[in-house]
Amino acid sequence: MSGLGELDRPGTPRDPGPREGAGGEDAGRAGRDGRQSPPASAVRRSAADPVKGLLHRHRELCERAVDPLEIAAGLEAHGVTDRTAARFRHRDVFSLAEEMYARVPRDGDAPAPPEDGPTPRPGGPRAAGSVLLALLPGVLCAAAVAGLRLTDGRPRLIAAAVGVLAVSLALGAALRRGPLTAATRTTSTWTCWLLGYALLGDGLLRTAVSGGPDGLPDGSPDGAWPVTLAPVLALTLSYAPAAGCAHLFAAGARRKLSSSRGLTDFSASVRPLLLGAFALYLGALAALLTLTGAVLGEPADWSQGLSLGALLLLARLLGVHGHTHAGPFVLTATAAAEAAALATVFAGRLPGCGLLSAPVEALVAACGPAGVPTAACGIGALTLLVHACRLLTRASAHASTERTR
């Protein structure tokens with residue numbers, strides 16, 4: 001393989017052909033077959049330097065990489081494992097990447113840092129701005145909830161509209177910067193649907209099962225169409241802990257990438273980091289659900305809030321680290337399940353269609369209206385957690401996470 005890569009490179013000297021005498025028989029055989037076998041010198045060089053062919057195939061990756069870690073992650077993404085590295089006389093992919101990085105010439109290596117001048121500190125105006133931006137959605141949502149509770153009639157509708165717009169803009173700005181910034185934003189529609197269901201879905205389902213609703217939502221928890229504010233407020237307040245957990249996971253994985261000596265070792269060391277960051281976020285969200293429920297006088301529905309928060313965090317983490325398909329697919333399926341549950345309740349009112357609403361009505365009777373979103377979001381979150389434990393523990397998922405936030 002490496003021998004072929006060496007022969008195809010321009011400027012590589014080829015064997016001048018068989019000499020007369022001792023090589024005549026080989027020359028005649030080559031002429032009869034119509035092919036010329038690789039020169040023995042090239043075969044010897046290939047056997048002596050098995051990495052050269054790999055360098056030829058991945059030269060662009062090696063020239064673009066800023067350190068051997070990026071080469072190791074790129075090789076893993078191309079299917080190179082520690083067992084493959086053993087065929088190139090290296091104990092693991094990291095050792096192979098270090099040799100490839102050292103052997104590729106670069107036109108402009110990174111200049112040495114200037115001796116004079118202050119060393120940039122991790123904290124500063126940019127870090128403070130990121131923290132304030134992460135806190136902004138929760139603060140605006142709290143202000144909007146206060147406006148809903150303190151107003152009535154037309155002013156309440158105006159406060160609701162202004163609050164939804166302000167929180168949406170703040171979330172969009174926060175998601176464009178920081179540790180939860182992803183290359184794709186295709187999940188925004190389904191995220192809005194899931195948050196909207198957490199706000200209005202339980203009240204609509206409860207009244208639909210009992211024959212309603214008899215009117216439109218008025219923003220109060222006691223109206224004809226009750227509104228549940230505590231879970232949405234807790235979820236928006238939990239954006240800051242989610243960003244912090246994502247940063248801790250990315251930074252910890254990068255450190256493990258620097259110290260690991262094999263892909264298997266790296267995966268085994270990163271998996272506890274992922275599960276620890278995930279558990280830390282769930283703990284913070286549970287505390288916020290308890291706090292907002294107590295302040296607003298609503299029951300703290302941990303099952304629904306935790307399942308939705310876990311689903312949204314895992315979908316975002318996968319998108320941040322380059323896996324952009326599983327998250328939108330699971331969010332779409334979850335939103336479709338919630339919409340189908342509502343649709344079957346109303347379809348069950350048609351003549352002869354009562355059986356359509358029987359499963360949802362049985363679930364509501366057993367677990368309450370929150371049983372539907374808890375089941376849908378819980379299944380989706382569990383699916384993404386299994387997927388994340390498989391994908392986010394690969395070195396290739398952390399090849400380019402060390403960038404300016």
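**Helical spans and nonpolar cores**

Residues 229-252 are 92% helix and 0% strand, with end C-alpha atoms 35 Å apart. Helices are DSSP runs of H or I with at least four residues, strands are runs of E with at least two, and both are numbered from the N terminus. The model is predicted: local features need pLDDT of at least 70, side-chain atom pairs count only at pLDDT 80 or more, and totals for chains, interfaces and linings use all residues. Residues are numbered from 1 along each chain as its sequence is written, and side-chain values use heavy atoms, without hydrogens and water.

Residues 273-296 are 100% helix and 0% strand. Their end C-alpha atoms lie 34 Å apart. An unreviewed UniProt entry lists both 229-252 and 273-296 among its "transmembrane region" features. Such annotations may be inferred rather than shown by experiment.

Next, a helix pair. Helix 12 (residues 230-237) and helix 13 (residues 239-259) have axes that come within 4 Å and cross at roughly 40°. Axes are lines fitted to C-alpha atoms over the stretch in contact, and angles run from 0 to 180 degrees between N-to-C directions. Leu 235, Thr 236 and Leu 237 of helix 12 meet Tyr 239, Ala 240 and Pro 241 of helix 13. Contact means heavy atoms within 4.5 Å.

Now the cores. A nonpolar core joins buried Ala, Val, Leu, Ile, Met, Phe, Trp, Tyr and Cys residues through side-chain atoms within 4.5 Å. Buried means under 20% relative accessible area (1.4 Å probe, protein chains only). The largest core has 79 residues. Helix 14 (residues 263-296) gives the most to this core, with 11 residues. A second, separate core of 11 residues includes Leu 204 and Val 345.

Terms used: Buried means under 20% relative accessible area, exposed over 50%, partly exposed in between (1.4 Å probe, protein chains only).
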